[in-house]
Amino acid sequence: TEYSVRTALAILEEGSMLIVPVDPEITEAHAPNIEGTDKIYSQYGIGLVIIFLPIAVVGKTLSLLTPLDQRIIIDFLLSFYNVPFALLGLWFFRVILIRLGASESRANTTVVLLGVATAFWKYAVTDFSEVTQIAFLLGALNAILSDNPSKWRKVSLWCALLVAMKLVYIVLLPLLAVYAWLEVSGHDTRRRITALLDFAMTLVPMGLLLATANHLRFGSPFETGYGSEATSFAWEFFRRDWFDYLFSTQRGILPFNPILLAAIPGWFAFPRRHRRFAVLCLSLILVWFLVMCFWKSLQGGLTWGNRLLVPILPLVLLPIAFLQVKIRATRFGLWGIAGLSILVHVT
C-alpha cells in the first residue's frame, strides 16, 4: 500500500512516478537502478495507484481545510477503500450462484458464509488489494455465465482490470481463452474466433499500456520493477510451501477458513449443465495455488492466514450452495463448521 500511496502522491505533487524507497535495504537488493536518482519506481500494479489517486486528491484537499496532516487523512480514507469492492464482489458472487441454479435462500446464505466465515471478512477492512482482485475476478466469471452474445468483451474488461492490479493474473488468461473456445457448440470456428477477439478487446490495449509504462520507466517492456525477484519461482519453494499452504496454522488456507472443508462435497452435486464451468473454476483454483506455491514469498505472520490464496476463496466456497443437507447429521455438521469459521474470523 505504501508504495502505491507514495506513487499517487508523487504523480500529484511532482508529475512523476518515482518514489523514495519504502524499505531501502530490501529495495536496493532487488529493484532496478534508475540512473541519476536514489528513488525507485513501485513494483506493484498501476491499478492500485489509479484507485488511490482520487483518495490522495481528497486527502490533500481536506488537509488544506483542517490542521491534520494529509497522510493522516489519506490513511484514514484508505482504511475504507476495500468496502465498496467487497460489496461488489459479494453481489457478483450471489448473481453467479443464482445463474448456476442455486435458490435465492441458498445463494444468500452462501454469500453470508463468504462474507463472515472466511478471510474475506478480514481483508474487506484492510488496505491490501486482495478483495479488489476478488471483485474483478468474480466480475469476469459472472460475465462468462451471461447469455449476452458480446459477453466476452465484458470478461475482457474485468480481466484487464485484474491484470492491472497484479500482473501474475496472466497465468489464468489461457484457461479463460480455452473456455471461450470450447463454449461454442459444434465446430463453428468463426464464432470461436469472434469470442477470442472479444476476449482480447480490452486485454490487448491494457497489455500494451503496461508494456509502454514499463518501457518508459525501466527501458524494457518486460521489466515490471521486481528486478531479480521476478524470477523467484522454483521447485524448492513448492516443496517448502504446498503442504503448509493447505494445513499450516500460520499459512494454511483450511485452518483459517474451515468452512471450505464443507464445500468439498458440493463439487459432486454441482449442476450437471454447468459442469464445464465447474471445471473452469477448479482449474483456476489449481493453477493459482500452484503458482503461489512456486513463488518464494512466505505468507503468514503479519497477514491473516495466507494473503496469496485469498483471491480463490470464493471459487473454493462456490459449491457449498449445492451441498445436499437433507440428513440431520449433515446439517449439524455444516452449521457446526460454519460456526467455527465465523468464530475464527470475528474474534
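Here are some questions and answers about cavities, pockets and a few residues in this predicted model.

User: How many cavities of 30 Å³ or more are there?
Analyst: A cavity here is a space where a 1.4 Å probe fits but cannot get out. Counting those of 30 Å³ or more, the total is three.

User: What is the volume of the largest cavity?
Analyst: Its lining includes Ala119, Gly252, Trp304 and Leu313. The space inside the largest cavity comes to about 60 Å³.

User: How many charged residues line that largest cavity?
Analyst: Let's go through the lining by class. Seven residues are nonpolar, Ile253 and Phe256 being among the lining residues. Another four count as polar, and Gly belongs to that class by the rule used. For charged residues, the lining of the largest cavity has none: the count is no charged residues.

User: Which helix gives the most to the lining of the second largest pocket?
Analyst: This pocket holds about 330 Å³ of space. Both α14 (253-256) and α16 (275-294) supply at least two lining residues each. With four residues, the top contributor is α16.

User: How many nonpolar residues line the second largest pocket?
Analyst: The lining is made of 13 residues, and Leu246, Ile253, Ile285, Ile312 and Val316 are the ones nearest the centre. No polar and no charged residues turn up in it. The nonpolar count is therefore 13.

User: What is the area of the nonpolar surface patch with Phe76 and Phe80?
Analyst: Besides those two, the patch takes in Val83, Leu87 and Val125. Phe80 sits in the loop between α4 (70-78) and α5 (82-99). Together the five side chains named make a patch of about 490 Å².

User: Why does Phe80 count as partly exposed?
Analyst: Buried means under 20% relative accessible area and exposed means over 50%, with partly exposed in between. Phe80 falls in that middle range because its relative accessibility is 46%.

User: How far apart are the C-alpha atoms of Val178 and Arg192?
Analyst: Val178 belongs to helix α10 (residues 173-183), and is partly exposed at 46% relative accessibility. Along the chain, Arg192 is 14 residues away from Val178.

User: Is Gly47 buried or exposed?
Analyst: Gly47 is part of helix α3 (residues 46-65). Ser4 is 43 residues away in sequence, yet 9.2 Å away in space, C-alpha to C-alpha. The relative accessibility of Gly47 is 8%. The cut-off is under 20%, so Gly47 counts as buried.

Technical notes: Residues are numbered from 1 along each chain as its sequence is written. This is a predicted model: local features need pLDDT of at least 70, side-chain atom pairs count only at pLDDT 80 or more; totals for chains, interfaces and linings use all residues. Side-chain values use heavy atoms; hydrogens and water are left out. On a 1 Å grid over the protein atoms alone, a cavity is a set of points where a 1.4 Å probe fits but cannot get out, and a pocket is an open set with protein on both sides within 12 Å along at least five of seven lines; lining residues have an atom within 4 Å of a point. Grid points are joined across faces, edges and corners, and a volume is the space filled by probe spheres set on the points. Patches are made of residues with over 30% relative accessible area and no salt bridge: like charges are joined within 9 Å, nonpolar side chains (Val, Leu, Ile, Met, Phe, Trp, Tyr) within 5 Å. Accessible areas come from the Shrake-Rupley method with a 1.4 Å probe; for residues, only the protein chains shown count as cover. A salt bridge is a side-chain nitrogen of Lys or Arg within 4 Å of a carboxyl oxygen of Asp or Glu. Buried means under 20% relative accessible area, exposed over 50%, partly exposed in between (1.4 Å probe, protein chains only).
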